Amino acid sequence: MSLFRPTSSSTPRLKPLASKRSHVVSVLDIGSTKVVCMIAKLTPREASEVLPGRTHKIEIIGIGHQKSRGIKSGVISDLDALEGVIRNAVDAAERQAKLTVDSLIVNVSAGRLQSDIYTATIDLGGQEVDEEDVKRVLVAACHQSQRNERAVLHSLPTGFSLDGERGISDPLGMFGEALGVDMHVLTAERLAVKNIELCVNRAHLSVEGMVATPYASGLAALVDDELELGCAAIDMGGGTTTISVFAEGKLVHADAIGLGGHHVTTDLARGLSTRIEEAERIKVVHGSAYSNSTDDRELVSVPPISEGDHEPPMQVPRALISKIVRARVEETLELIRDRIRSSGFSPIVGKRVVLTGGASQLTGLPDLARQIFARNVRVGRPMGVKGLPQAAKGPAFSTAVGLLIYPQFADIEIHAEDRGVLAQLAGGTGRIARMSQWLKGSF
């Protein structure tokens, strides 16, 4: 049975999970390096101080992953090639789970992700705030975000204001002259989103929900205090690097740049005149973003780019490899730092940055990131999931795990085209949560 509800929008929307029921969820992480399909059983869990935002326990019952083809820097370049990879990844997960997948939650990295804050205000005339007032201000904010050329992926109310006083989570029953709301809306180019859905449909599968990659990876890699107090999650993939900023348990900003681990590999292949496959091996085994005093004396054998046996391998100092790697990594990290500064959310990030994604495993990367960001940096791995094989417990699988976590957080989102559902804004408690049923019948 589907967990999701179709809407008039071209971007499928997720229906909140029933808190007392078990569900089987299938997800598809389409990346520039690999395509991952995970199938998991979600069972209700008791309230806990550990990961308190999660309503269900997650157990992986099937996983399949394939090397990506037909996608570069998050953009589809060959529909046929990517369709075949998706089929193989899903088939492997289905065989392990012993069930058939009809539809999936899919990530979105392409389409020039863009975060915007929309503010709407309505006049109260000094009266008490009631349910109709809350409905009106939310509708006003949602309609502001509608743009024909862009698809809304996420729409999250971040807080209400009353007579200019911000930080109000539940305004019902209060008196004032003006009620306002701030809405964080994350969008992508509509055609890029359609191409992702088309490719999945060609594999005879349907897309039940779309989740921005930075949102998913942040949900998987951040701990509770980081989500609440403010933190940036940097997902360093093969072709793209995404940025997400969280505060008070909500996603407040997201961004993406077209640089990733594959760009480091390409730089090495060119600088050392070797094949891409050998450059990748050299990066993983010998590459480092932070050089040390022994690098000048240590030699690394580099096979020639030609396939003939007559040309002997070159011997290059490890310091040269580190120099090539560091140049590209520095460029990427400095661009991320500048993007966070220009977003205006640098104070919210505070002193904590979490690196995740496959490219975050590069030796010396956390040390260089601490230097460039001037913040505490750690490498984040997916948390709170049972059944992950050892090979999938690293940061490279954060996005896929985050897609499994996301349905538990879908209820805080509001979309203008959701003609019957307004999510609970108070996390399941408070008067706004209790008025959800009333809104279903009137919005």
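This is a predicted model: local features need pLDDT of at least 70, side-chain atom pairs count only at pLDDT 80 or more; totals for chains, interfaces and linings use all residues.
The chain contains 13 helices and 21 strands. Buried residues account for 55% of its 443 residues, and the accessible surface is about 19300 Å², with 49% of that area belonging to carbon and sulfur atoms.

**Colour by confidence**

Next, colour the chain by pLDDT. The mean for the chain is 87, and 90% of the residues reach 70 or more. Select strand E14, residues 231-236, where confidence is highest, at a mean of 97. Then select helix H13, residues 436-442, where confidence is lowest, at a mean of 41.

**Select the nonpolar cores**

In soluble globular proteins, nonpolar side chains tend to be buried together. Select Leu-28, Ile-30, Met-38, Ile-86, Leu-104, Val-200 and Tyr-215; within the largest nonpolar core, which has 71 residues, these touch the most other members. Now centre the view on Val-200. Leaving aside residues up to four places away in sequence, Val-200 touches Leu-28, Ile-30, Ile-86, Leu-104, Val-106, Leu-205, Ser-206 and Val-207. Apart from this core lies another, of 37 residues; to find it, select Val-245, Leu-272, Leu-355 and Ile-372, which are among its members.

Select Cys-37 and Cys-199. Are they buried or exposed? Cys-37 counts as buried because its relative accessibility is 0%. Cys-199 is likewise buried, with a relative accessible area of 0%. A disulfide is a covalent bond between the sulfur atoms of two cysteines. A search of the whole structure finds 0 disulfides.

**Look along helix H7**

Finally, select helix H7, residues 276-286, and display its side chains. Which residues of H7 are buried? They are Glu-278, Ala-279, Ile-282, Lys-283 and His-286. These residues lie on the same side of H7, because they cover an arc of only 140° around the axis. An α-helix has 3.6 residues a turn, so residues three or four places apart point the same way.

Turn to the face of H7 directed away from its buried side, where the exposed residues Glu-277, Val-284 and Val-285 are found.

Key: Residues are numbered from 1 along each chain as its sequence is written. Side-chain values use heavy atoms; hydrogens and water are left out. Helices (H or I, at least four residues) and strands (E, at least two) are DSSP runs, numbered from the N terminus. Buried means under 20% relative accessible area, exposed over 50%, partly exposed in between (1.4 Å probe, protein chains only). Accessible areas come from the Shrake-Rupley method with a 1.4 Å probe; for residues, only the protein chains shown count as cover. A nonpolar core is a set of buried Ala, Val, Leu, Ile, Met, Phe, Trp, Tyr and Cys residues joined through side-chain atoms within 4.5 Å. Contact means heavy atoms within 4.5 Å. A disulfide is a pair of cysteine sulfur atoms within 2.5 Å. pLDDT is the predictor's confidence in each residue, from 0 to 100. The arc is that of the directions from the helix axis to the C-beta atoms.
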